Amino acid sequence: MRTDRCGELRAGDDGRSVALCGWVARRREHGEHLAFIDLRDRSGIIQCVVDGASDLRSEYVVRITGTVRHRPEGTVNADLATGEIEVGDCTVEVLNEAEPPPFPVTDRVDADESMRLRHRYVDLRRERMQRNLAVRAAVSGALRSAMDRQGFLEVETPLLWVPTPEGAREFVIPSRLQNGSFYVLPQSPQLAKQLLMVAGVDRYYQIARCLRDEDLRADRQFEFAQLDLEASFVSQDDVLAFVAEAVLDATEAATGQRPGPIERLTWHEAMERFGSDKPDLRAGPELIELGEVFAATGFRAFAGADCIKGLRVAGQGDLGRTRLDALTDRAKALGAKGLVWLRVGQAGALDSPVAKFLSDEEREGLVSAVGAVAGDLVLVVADERPVVRAVLGQLRLDLGRPPVGEGDRRFVWITEFPLFEGLDAGGWPVPAHHAFTMLHPDDLDLLESDPLAVRSQSYDLVLNGWELGSGSIRIHRADIQSRIFSVLGISEADAEARFGFLLGAFRYGAPPHGGFAVGLDRLVAILAGEENIREVIAFPKTQSGIDPLTGAPAPVAPEVLADLGIRLLPPPVP
């Protein structure tokens, strides 16, 4: 039906007879019997010159045959890849007529998102959306190639899985054949891939579809895709090397540029230097410890504080009082008792309501410690250490974080997370990841005596402040797993009830193993320069979990419910 795609023709095709198919993107009349038709398909747009009257309207599906020729002098369009040429002597065949689209099929007009999702098949025709889908395909292909090259075996795991009491809320599927019992849709293939290691698969991967029944936001959907991998007889460094190879290949495939080696920070370093375990390394200066500068201070707001940190904001010393007051309010809303700001003038002079309470040595030490110069602004928070880190870390992003599509792509590994993130209401430690994460070998003796000080062999990959994924070395030794369960308050009977099929498999020879999962949607969004993952998913849900295109979720017929043994409660009375 066609010999070429619209966007692939070039000046070297001059004189060729071609047949093209696509949608009418634009029609421009030149006199009574001459029209210029911009014909669009996935590859791009080509201008076609049509002699004679043709009733062609926007989004008509057509087949055009003609001859490629150079555009007349002065009419070249440098904004189009095909802008040097056009197709002349055209014959037009209308393959299908179209109603006027609900919004212009162009990137120059921003339509309402609900309208875009309701007519997603029209929205996806836009150049931006076609480009995003192409980036996604390139990333997926590069990830698969990298894993194949590194000796991994692609294995599919079940979508119907057993309910587990751990992790996020799951989507529950009633069983028709086993009335009263339920499957769940997997929030990750975690247990299945560990079973594959026991089975001797050695190196496993898949582009997995996962589901979590959690509230949606810009970087979260009910359904999501991830590069999921697990390997036997590996160290943490081995896993990080596997993943780095894959994501750097994917970045190069999507952008044409390969980033350098991925930096590495421990969780403690990231929190102290950036106030976050998902640091955006593009966002300017780091948080600076000021405890020594103010060790003997007489300033009451600093004296006796658990932690004092400062942040240099380059070139912002001219911020007005209204903006500074807004920053103070922002710091308080984030949990700080207050915020100290100081404008830096010539020769290190400080302009601030608190400057008079600081000694000359403290003023000089502050300017020197944060590396401030004339014209800078310095922000200081004194409070409990977690509060200081969180507040200044967020202000650092508020004041210095560029849009996701700008600047360098700064990958960073975060390692040595705490094994436990706190205590529950009963005083039991809460796992920061899951109960099968191997602890740091140097902290084994702290497990029972000081569990909150124990580090794990878990690791996250972060790109420009977005967490791309996480993983860990798993526990494969029964004695360590038993100690972990004991610390968590999980009895032997409870462990068997919750994880019996996994623990049973481990009794038949579990190799040392570890793994990772890379969020495909988030990775593609960053590489495509999109702030919202909905822009890189063909058919996403809205933030309320609705699909405007299909109307999902939707009621089902009473007989279907009866077949499943389900009876609905009446809706709650307002």
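This is a predicted model: local features need pLDDT of at least 70, side-chain atom pairs count only at pLDDT 80 or more; totals for chains, interfaces and linings use all residues.
Contact here means heavy atoms within 4.5 Å. Residues are numbered from 1 along each chain as its sequence is written, and side-chain values use heavy atoms, leaving out hydrogens and water.

**The sheet**
- Eight strands, in the order β6-β9-β10-β22-β21-β20-β17-β11, form an open sheet with mixed pairing.
- Helices (H or I, at least four residues) and strands (E, at least two) are DSSP runs numbered from the N terminus, and two strands pair if DSSP finds at least two bridges between them.
- At the edges, β6 (153–154) and β11 (263–266) each pair on one side only.
- Strands β10 (residues 223–232) and β22 (residues 513–519) run antiparallel, joined by 7 bridges; E230 has G515 of β22 as its bridge partner.

**Helices on the sheet**
- Helix α5 (residues 236–255) lies across strands including β9 (203–211) and β17 (411–415), running at about 160 degrees to β17.
- Axes are lines fitted to C-alpha atoms, for helices over the stretch in contact, with angles from 0 to 180 degrees between N-to-C directions.
- Helix α12 (residues 520–528) also packs on the sheet, and its direction makes about 140 degrees with that of β21.

**Between two domains**
- Domain 1 (11–96) and domain 2 (128–260 + 517–560) both give residues to the lining of the second largest pocket, so this pocket lies between them; the domain bounds come from an automatic or database domain assignment.
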